[in-house]
Every structure is written in structure tokens, then in C-alpha cells.
Amino acid sequence: MSRRTWAGLGIAAAAAALIFVMQVPHSADTHTRRQSALEPAIPNPKQEHISKQRMMAQDIESTDHLTRLDAKQHLTSMLSKLAAAGPAQISDYVRKLQKSHDHFTMIIWQDSKKGKQQQYSITKNNWSADDQKKLKEYLDQAGKSISHQRAYESPSFKMGGKQYFVIAEPSAKTPKQGVIAVMNQRILTEVANHQKRNLRLIPYPKEGKYKVESVHADTLRDITVRTGHDNEKASHFYENEIVVRFRQDPSRQDMNRIMDELRAESQRKLGYAYVFHASGMDYSQLKSYFMKNWNPQYVEPHYLYMTNDKVKESTSSLPNVPNDLLFAKYQWNLPAIETNQAWDLSRGSSDVIVGIVDTGVDIDHPDLQGQLLSGYNVINPDSDPQDDVGHGTHVSGIIGALVNNNEGVAGISWYNKMLPVKALDKSGSGTTYSVAEGIIWAADNGAKVINMSLGNYADSQFLHDAVKYAYDRDVVLVAASGNDNTERPGFPAAYPEVLAVAATDSNMKRASYSNFGDYIDVAAPGTSIASTYPGNQYAALSGTSMASPHVAAMAALIRSRNPDLSNKQVMEIMRSSTKDLGPKGKDKYYGYGQVDIYKALQAAGNSEAPLQFWPQHVQKKMDSVIQQGK
């Protein structure tokens, strides 16, 4: 069907119900029912409200940590690159950084030895005398820390109604030299506002015919951030490996001695610690060697994050641990679904394109460079699909942020290209027509997988036709179930052609906000997920919006590993390769279970179709031959 025909059909649908980022809130008709011991507890409206507030507080606190860690990395990199630079080079570097990262409100280059400071500010700030006095106190403390070769971070504080913090890093090469930055933390407000909408803590959208029921957010309550690495009780580890943190990094000669004495095959530094692999020694022998000869700060097993005891061990000597700055501490979600191990089987292919029908993407984000194709802006076809909400950028980073670039986060796919389609406007909402057009455009422009972290409870035939259009063109469609803790089916997730995704937390439990129902196919991590965010920043967000791209990325890896598989076959592999959670077998909370990328890629194979799909595979080949002969 031509695009003009679709446009004609769409005129009648233009007044259809809005489709929001995720789902509109449910009304209070969710049925209360007795639950079996294995069924997750379904919170009542008051419990749900409190849980969502805590979730938002956790996302804000995690984002604060991400912001500080990212700022520290930028300052460290600056000092390394500018150790021998002159004033002009320093000024040029700082100006470029502030142009692309405008949350660096002020940067001060300090040389305490020479008694000099050079200040660079983006704009003139109208801070009050009290604000400037407060800032001076923090800057003085930062300056003193640099003089004593110490790093410094202030608490968050407000000036002119905006939130800031001061951070300072000393030079590792030049004593008493360092850099101080005043960081604007507007991203915390943006995340709070985003999550009030995304988790339905405020009426959303604010205007128009389609107002929704929700509860007004109360004051946020602080909680301790809990990452997957904090919570997972991993009992498995590599028997022939050990993690060692020395009190002082070994010299090259010392390292050669260690490798010779252990007859070690490999060693790798991860942050402050080293991982050694020696197939001729077990963990207890390795521990005895290091404790006796090197007086380390600590040694510990090299734990494995396994969700299935019977998964075959990776053939590589070390797991795939990316060097991305935020991976080890914040991306609990990737080990939870066996992503690291799965990278031994597939890291994606540029031939398999992932369409992202959402709010667009931050095209200039450094962690997405080279990963994005030229997409489409349904809302304004004459403009790029630039993200003015943040949602689409976050979804894109989960799927395909650059891996092993020493910056930010790691995406699930290394090489699959992403096709951003802006179908939702700056309020994070769009019509059935705009979403339908986005799906059709993505299918017509090469997408083999489409992620839809959006939805509505209205069953729109027009939207369903667009979904069928893409499905009939062999596209794998994945959608989020919604954040309303309701059993009411949402669309497009509930359409049979779409893989519906529920959300889990770092304990592999149902996320309290996640929708449920018989239409759920699989579950994936969705709570406090670290990813890319507009303004060259990073944020932690929660929602089934975050769970869905995990599954879309997995579909892309499967299709990259075995291009002969049809969309139906890919979806069946994803359903049958899960970690069963909740009641035995398929249930309405987790579907078939939480996705396991390694297990799915094993099932997909790397050449022909899996055995269970052989009849369909042969028929597909025969049909292809017949078509070529016509």
C-alpha cells in the first residue's frame, strides 16, 4: 500500500486517542484476587503510589551518581590531554567542551605552583550575593584539594533556583595543577519531570480531550541506590581465575614475574583491580599465591552473573567486560540477561537495522556516534528526528550505545544500526496516525526490528493495520506493556503480531509498576536502567519503556546471527529461551519468563534455521526459488 493511501486512511484517524510514551494510567477497576505463593504481590493504589515515588527517588539519586562519574571522567581526560598545553590550547579545548556539554557551567584551570587560575564561564550568571558566597566556599575547598593533590566533590546546592555541584580533579602528571568545574544539575529536574509522566505520578498529558486519571506526586523520599552488583548473590565463579587489588600497581617486571610463576594465560585490569587466568591453578591456589607473595589489598573470586545453572560456560578465558565508564557499577541489567556471555556468539551486524518509534534521539550524543542512520520526523518531516523529551535517547542507548569507547554506557548491540523515527512530540505523546506512520516508514526503510516503548488502552484498528503491514514484511515488533500495574491490555503490545514486554527489577522480581496479563510474552530489566540522555549526559530511568529495548536488541542479535530466520521464528526463540519466573510455565506476570540472550543465540544457531523450524524454513527457501524463476 502506498504512503499516500496510508495518509488518506489516516485522516479519519487523526482524532483518535493519543498514544503516550508507555501507557495512560488505568482507572480504579483493577480486580483484587487471591494470589498463589508463586504469584507476585500486586500493590493496591496507595502502595503503588508510594512504590513509584521511591522508584523515582532511586532514579534521581542514580542519575546524580552518573552525572558526577561522567564529569570526573571528562576532567581527568582534559588534564591528561592538556598536561603540556599552553593557555590558547586550554582555552580552545574548554570552549569546545562547554559548547557540546553546556552543563559544565564554569571551568577553572588551576596551577597552584604558579599561583594562577583561568576561569571559563558559559554565560554571565545573575547569582545573589548569598549564592556567590556559598559558591566561593566550595571553590576554595576545591582549590585547596588540588594544591594537596586530592580530588574533591561538593554536595548538591542551589543557586538562583537551580541545582549545582562543584567537582575538582588534580593532575596525575603535573603536581599542584588541576581543574575545577561547576556543574549544572538540571538533568535531575528533567529526570524527575520525565518520571512523573512515565510512571504516571501526575496527570498526563496536561491538556486536550484525553486527560487521564492519576495521583499528584508527593515530596520525594531519599533511598539508597541499589545496583544489580549490590543485590545479586552470585554463587558461581571461574575456578581458574582470581580478582586482585594490589596496594600499589605492580611494575612491568613484577607483572612478568607473576605471569611466569602462575603460568598465566592472561591478565586484565578492570578499574583498580586485576583479573588473572591460570588454567593450571584453582582459586584456592591462586589466593594462596597472592596472599603469600604480594600482600594485596584484597583478593576474591571472579564471580559469574548466571541466571541458568545449566548454560554452557563461555569458551573465552575471560567474560566480555566492556571498558565503558558506567558499565561495572551501574549496568546490572546486562549481566542479568546474560549479555556478556552472549557477545561470544553475536555482537550484531550493520545489515540488521533496528527502528525506534519514539520521541526521536539526541543525534549529537557522543555515545551514539556512528550507531544512527538518518531517520524520519513524523511530527515535522522537514526536521531531523531530534529528541526534545529524552525518552527516545534513553531507549536508543540501551539498544546500541557504543561499546568499549571508555565513555558512558554499553549498549546490548555493538554493530546493529538504529533508525530513529520521531512519532511523539515534545510532550511525549502522539496520535494513532503519527505512530502508525512511524511504523510503516520504519518498515519501508529497512528496519528488521522495531521497538515501540509507547501505547494506549484503546484498540485502534488503524494502528493494528500498520502493525500488520510491518509484520507482513518480516519485521519483529516489540512493545512495552505499560507502567500502570493493571491487567487491562494495552496496544500495540497486546496485538498478536507484537512481542509484549513486562519489566523486572535487579532481584529478578516483577517491577511493581509493570502491567500484566495473558498477552505478556516475556519480561526484561526495567528498573533504574542507566543509559544515554540528551545534552551529552546519562540518566537512570525506570519503566517498561526501558525493558522493551532489551528485547528489541536481543531480536537484532538473533537476526544478525541467523539472517535466515523469519520474524515468527525469532519471536518463538525469544519466548522459548527464557528464565522461568513466577508460577511454572507461562504466566500473566512474566509471560514465558525473563529473556536470556545467550540461550536465545544458542537456539538461533549461526547458519541454518533451528530444527524445530525446519519445515517452515524449507518452505521459505522453496518459495524464494519459485519467485526467482518467475
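The protein exposes about 27300 Å², of which carbon and sulfur atoms supply 49%. The structure is a predicted model. Of its 630 residues, 57% count as buried. The protein contains 18 helices and 26 strands. When contacts between residues at least 6 apart in sequence are considered, 74% of them join residues at least 24 apart.

Confidence comes next. The average pLDDT of the protein is 81, and 80% of the residues score at least 70. Confidence is highest in strand 18, residues 447–452, and lowest in helix 6, residues 228–231. The mean for strand 18 is 98, whereas that for helix 6 is 27.

Two segments in which pLDDT stays under 50 are listed below.

| Segment | pLDDT | Contacts beyond four places in sequence |
|---|---|---|
| Residues 204–236 | under 50 | 82 contacts |
| Residues 303–318 | under 50 | 46 contacts |

Where pLDDT is low, the predicted coordinates should not be read in detail.

Helix 7 can be described by residue. This helix spans residues 252–262, and its buried residues include Met-255, Ile-258, Met-259 and Leu-262. Viewed down the axis of helix 7, the buried residues fall within an arc of 95°, and therefore they line one face of the helix. Gln-253 and Asp-260, on the other side of helix 7, are exposed. Just after helix 7 comes Arg-263, which adopts a positive phi of about 55°.

Note on methods
Residues are numbered from 1 along each chain as its sequence is written. This is a predicted model: local features need pLDDT of at least 70, side-chain atom pairs count only at pLDDT 80 or more; totals for chains, interfaces and linings use all residues. Side-chain values use heavy atoms; hydrogens and water are left out. Helices (H or I, at least four residues) and strands (E, at least two) are DSSP runs, numbered from the N terminus. Buried means under 20% relative accessible area, exposed over 50%, partly exposed in between (1.4 Å probe, protein chains only). Contact means heavy atoms within 4.5 Å. Accessible areas come from the Shrake-Rupley method with a 1.4 Å probe; for residues, only the protein chains shown count as cover. The arc is that of the directions from the helix axis to the C-beta atoms. pLDDT is the predictor's confidence in each residue, from 0 to 100.
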